Amino acid sequence: MIAFDYTGKVVLVTGGTKGLGRGIARAFLSAGATVIVCARTPPDAPVTAPPYPRAPAPASDGRTGVARFVRADVRDPEDLERLFAGLDRLDVVVNNAGGAPYAMVAGTSPRLHARVIELNLIAPLLVAQRAHPLLAATQGTVIMIGSTSGTRPSPGTSAYGAAKAGLHHLAACLAAEWAPDVRVNTVVVGLAETENAAEHYGGRSELMSATIPAGRMAGPSDVGEVCLWLAGSGYVTGAQILVHGGGETPAWKWVASDGISR
Ligand SMILES: NC(=O)c1ccc[n+]([C@@H]2O[C@H](COP(=O)([O-])OP(=O)(O)OC[C@H]3O[C@@H](n4cnc5c(N)ncnc54)[C@H](OP(=O)(O)O)[C@@H]3O)[C@@H](O)[C@H]2O)c1
């Protein structure tokens, strides 16, 4: 891994207590940043810089190597007000909190669709908007955690896919509005291996990995490493960085090769 130095930088990772967000927070901690993570519930264990399990001793500049947790639902404007009231500097915002249950559109409620779009599109917009003055003061950057579900049909998570497609576009729009002071980019993640992977992929990670040219799903540290690079790059803005191991091999290819082998 390339060495990055984020000493003196302040990074906010929404949903940084679990899964990919935890990996992103750990990556920035390992690079010396002061990291704040927010979520609706506290992390099961402190979010620390690797190596686990012991948190490093406090550094002389007051950094602890442990992310500060702030309880906040990113869909709630009052929670966001409280979250940002506690920040006097911000260099990087990673809009990571997101996700959706698997449910076909037929039979699901309007409220579910609204909540999914709120979490995956509206909340990142509100967080970015609220962060903008602080980021403008530091020539900072916003990273949206997008999804390949927003780049191709996403049956079973249609509202989520549509929200992520919107998020990718939103990042490009904000990049244009806020240039040259604040850069805004999207990391478009493919299938990922987190502690919730069994829930997402029905416990069939090995089969899922077989559909990826790289031969495995992305891990939290893969996404964290890309965020470190992207947040430090001085010129890249309005871009989408694909972290999908080469993409998903289309289903027709399996059907065709099965037909050929018979
Ligand atoms: N896992 C994948 O395969 C995959 C693939 C592509 C893209 N992504 C994207 O990557 C991001 C992270 O996914 P993940 O799988 O790592 O998710 P995860 O394991 O379910 O973790 C989600 C994190 O977000 C927090 N969160 C959820 N709702 C929130 C809310 N309303 N306000 C504040 N925090 C909230 C959760 O904590 P609380 O529940 O305590 O609030 C948790 O910290 C999401 O944007 C997702 O769409 C994931």
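β5 contributes the most to the shell around the ligand, with 3 residues; strands here are DSSP runs (E, at least two residues) and helices likewise (H or I, at least four), numbered from the N terminus. The ligand has 28 residues around it, and Thr17, Thr41, Asn96, Tyr160 and Tyr201 come nearest; a residue is near if one of its heavy atoms lies within 4 Å. By class the shell holds 11 nonpolar, 12 polar and 5 charged residues, with Gly counted as polar and Tyr as nonpolar.

This is a predicted model, in which local features need pLDDT of at least 70 and side-chain atom pairs pLDDT 80 or more, while totals for chains, interfaces and linings use all residues. Residues are numbered from 1 along each chain as its sequence is written, and side-chain values use heavy atoms, without hydrogens and water.

| Protein side | Ligand atom | Distance |
|---|---|---|
| Threonine 17, side chain | oxygen | 2.6 Å |
| Threonine 41, side chain | oxygen | 2.3 Å |
| Valine 74, backbone | nitrogen | 3.0 Å |

Taken alone, the ligand exposes 890 Å², of which the protein buries 93%; areas follow the Shrake-Rupley method with a 1.4 Å probe.

β5 also belongs to an open sheet of 7 strands, ordered β3-β2-β1-β4-β5-β6-β7 with parallel pairing; strands pair if DSSP finds at least two bridges between them. The edge strands, β3 (68-71) and β7 (240-243), each pair on one side only. Strand β4 (residues 92-95) runs parallel to β5 and is joined to β5 by 4 bridges. Valine 94 stands opposite isoleucine 143 in β5.

Conventions: A polar contact is a pair of N or O atoms within 3.5 Å; within protein, one must be able to donate a hydrogen and the other to accept it, and residues adjacent in sequence count only if both atoms are side-chain atoms.
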